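Please look over the briefing below alongside the sequence and the 3D model.

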Amino acid sequence: MEVSERQRKILDALVGEYVYTAEPVGSNTLVKRYHLGVSAATVRSELSALEEGGYVLSPHVSAGRIPTDAGYRTFVDGLKAKREQVDSLERQARAAFEPIRWATEFDEFISGVTAALTKLTSCLAIIAAPTIAKAQPRRISIVPVTAASCVVVVVMQDGTVANRRVSLPVEVDPADLADLESRLNEVLGGREAGKVRQLAEQDPDRLAALLGSTPLARRIIAEVGACLSSQQPEAPYRSGLSSLLEEPEFTDPATAVPLTRLLEDGHGLARLLDGVAEVEGVVVRIGHENGDGLPPMSVVATGYSALDADGLVAVVGPTRMDYAKAIAAIRAAAVTLEATLR
């Protein structure tokens with residue numbers, strides 16, 4: 001069924017009202033609260049047509065109507081024509097993120113953006129920090145401790161640090177360590193951390209050959225690889241699960257428990273957000289678009305690039321979410337993350 005302009009206007013009003021009230025919407029309510037320019041009888045007729053087309057449904061007899069997943073999809077696709085409205089919401093959202101940009105610690109900043117995203121959308125906010133695989137080590141240092149031990153320190157571009165205490169089989173001149181440190185930074189400079197780690201773990205001979213193929217070089221290479229392995233991305237930052245569970249859709253344990261299990265399962269969450277970072281722009285997945293057997297929820301997400309790596313920012317909420325506000329907030333969060341972590 002092709003939705004007419006009048007039907008789209010009525011559907012938009014119904015979605016807006018239902019998002020606000022979480023109650024089925026009747027034709028009289030739409031006529032009274034929205035400037036539709038038609039009578040209640042006409043609205044009822046158009047709602048019947050929309051119901052036949054699968055865009056709305058009546059949960060109970062004479063109880064008004066609510067949007068279906070197809071109705072929400074039509075509404076979201078229509079937001080492209082309301083760019084000025086979404087842009088205005090995005091400017092407001094950026095202002096909400098601005099004070100957080102002055103955070104001095106990485107964790108404080110990401111946690112602040114996550115919490116602000118929840119406050120703006122009333123949804124569960126998820127931020128995956130830039131993955132280490134594409135990041136580049138800023139500096140590798142070899143610090144002598146005793147004649148037969150040292151500490152290998154790897155500093156990443158985002159300021160995170162990993163270090164390993166190394167016991168050496170023989171005493172080593174500090175000058176030799178300094179020379180190896182210099183060659184390490186020269187050889188590994190500009191290489192992505194994931195490729196360095198792969199070389200160190202799977203082809204150490206090739207990397208050692210670039211550094212002189214000495215036993216000392218091999219030992220330090222192994223420790224550099226161990227440092228980078230320890231810097232694998234942690235679980236995504238999250239905020240707002242309690243807010244999400246307060247939504248009417250999730251007050252019933254029959255829907256709340258599966259949702260909680262999904263969000264607590266790292267693999268389940270990864271499947272839910274799979275492929276988002278590879279798509280340009282904001283991705284909106286509504287209800288059944290997330291897969292069968294899942295709670296009635298929607299995901300709004302986008303990837304972002306910072307520190308020469310990729311991250312992800314998303315909100316998870318009921319299908320009855322304020323999509324315009326969620327899209328604007330996600331865009332603003334991604335811009336804030338990229339601008340601050342560059």
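Are α1 and α4 roughly parallel or roughly perpendicular to each other? They are roughly perpendicular, because angles of 65 to 115 degrees count as such, while those under 35 degrees count as roughly parallel, those over 145 as roughly antiparallel and the rest as oblique. The model is predicted, with local features needing pLDDT of at least 70 and side-chain atom pairs counting only at pLDDT 80 or more, whereas totals for chains, interfaces and linings use all residues. Residues are numbered from 1 along each chain as its sequence is written, and side-chain values use heavy atoms, with hydrogens and water left out.

**Helices α1 and α4**

- Two packed helices are described by the angle between their axes and the distance between the axes.
- Helix α1 covers residues 5–21 and helix α4 covers residues 69–78; they pack at an angle of about 105°, and their axes are 10 Å apart.
- Here the axes are lines fitted to C-alpha atoms, for helices over the stretch in contact, and angles run from 0 to 180 degrees between N-to-C directions.
- Helices (H or I, at least four residues) and strands (E, at least two) are DSSP runs, numbered from the N terminus.
- On the α1 side the contact (heavy atoms within 4.5 Å) is made by Arg-8, Leu-11, Asp-12, Val-15 and Tyr-18, and on the α4 side by Gly-71, Tyr-72, Thr-74, Phe-75 and Gly-78.
- The residues of this contact of α1 with α4 divide into five nonpolar, three polar and two charged.
- In that division Ala, Val, Leu, Ile, Met, Phe, Trp, Tyr, Cys and Pro count as nonpolar, Asp, Glu, Lys and Arg as charged, and the others, Gly among them, as polar.

- Gly-71, Tyr-72, Thr-74, Phe-75, Val-76 and Gly-78 of α4 are buried.
- Buried means under 20% relative accessible area, exposed over 50%, and partly exposed in between (1.4 Å probe, protein chains only).
- The buried residues of α4 pack against α1, β2 (66–67), β8 (283–286) and α14 (323–340).
- Ala-70 is also found in helix α4, but counts as partly exposed because its relative accessibility is 33%.
- Apart from neighbours within four places in sequence, Ala-70 is in contact with Gly-54 and Tyr-55.
- Ala-70 and Val-19 are 51 residues apart in sequence and 15 Å apart in space, C-alpha to C-alpha.

- Leu-184 lies in helix α7 (residues 174–188) and is buried, because its relative accessible area is 1%.
- Beyond neighbours within four places in sequence, Leu-184 is in contact with Ile-140, Ile-142, Gly-189, Leu-211, Ile-220 and Val-224.
- Leu-184 and Val-25 are 159 residues apart in sequence and 67 Å apart in space, C-alpha to C-alpha.
- Asn-185 is in helix α7 as well and counts as buried at 19% relative accessibility.
- The side chain of Asn-185 reaches the backbone oxygen of Ile-140 at 2.7 Å.
- A polar atom of the Asn-185 side chain also lies 2.9 Å from the backbone oxygen of Glu-181.
- Leaving aside neighbours within four places in sequence, Asn-185 is in contact with Arg-139 and Ile-140.

**Ser-27 in helix α2**

- Ser-27 lies in helix α2 (residues 27–33) and counts as buried at 10% relative accessibility.
- Not counting residues up to four places away in sequence, Ser-27 touches Ala-40, Val-43, Arg-44 and Leu-47.

**Cysteines**

- A search of the whole structure finds zero disulfides, a disulfide being a pair of cysteine sulfur atoms within 2.5 Å.
- The closest cysteine sulfur to that of Cys-227 is in Cys-150, and because the separation is 10 Å, it is too far for a bond.
- Cys-227 counts as buried at 0% relative accessibility, and Cys-123 counts as buried at 3%.

**Positive phi angles**

- Ala-22, in the loop between α1 and α2, has a phi near 60°, a positive value in a residue other than glycine.
- Ala-22 is partly exposed, with a relative accessible area of 22%.
- Ser-122 has a positive phi of about 60° although it is not a glycine.
- Ser-122 is placed in the loop between α6 (106–121) and β3 (124–128), and counts as partly exposed at 38% relative accessibility.

Methods. A polar contact is a pair of N or O atoms within 3.5 Å; within protein, one must be able to donate a hydrogen and the other to accept it, and residues adjacent in sequence count only if both atoms are side-chain atoms.
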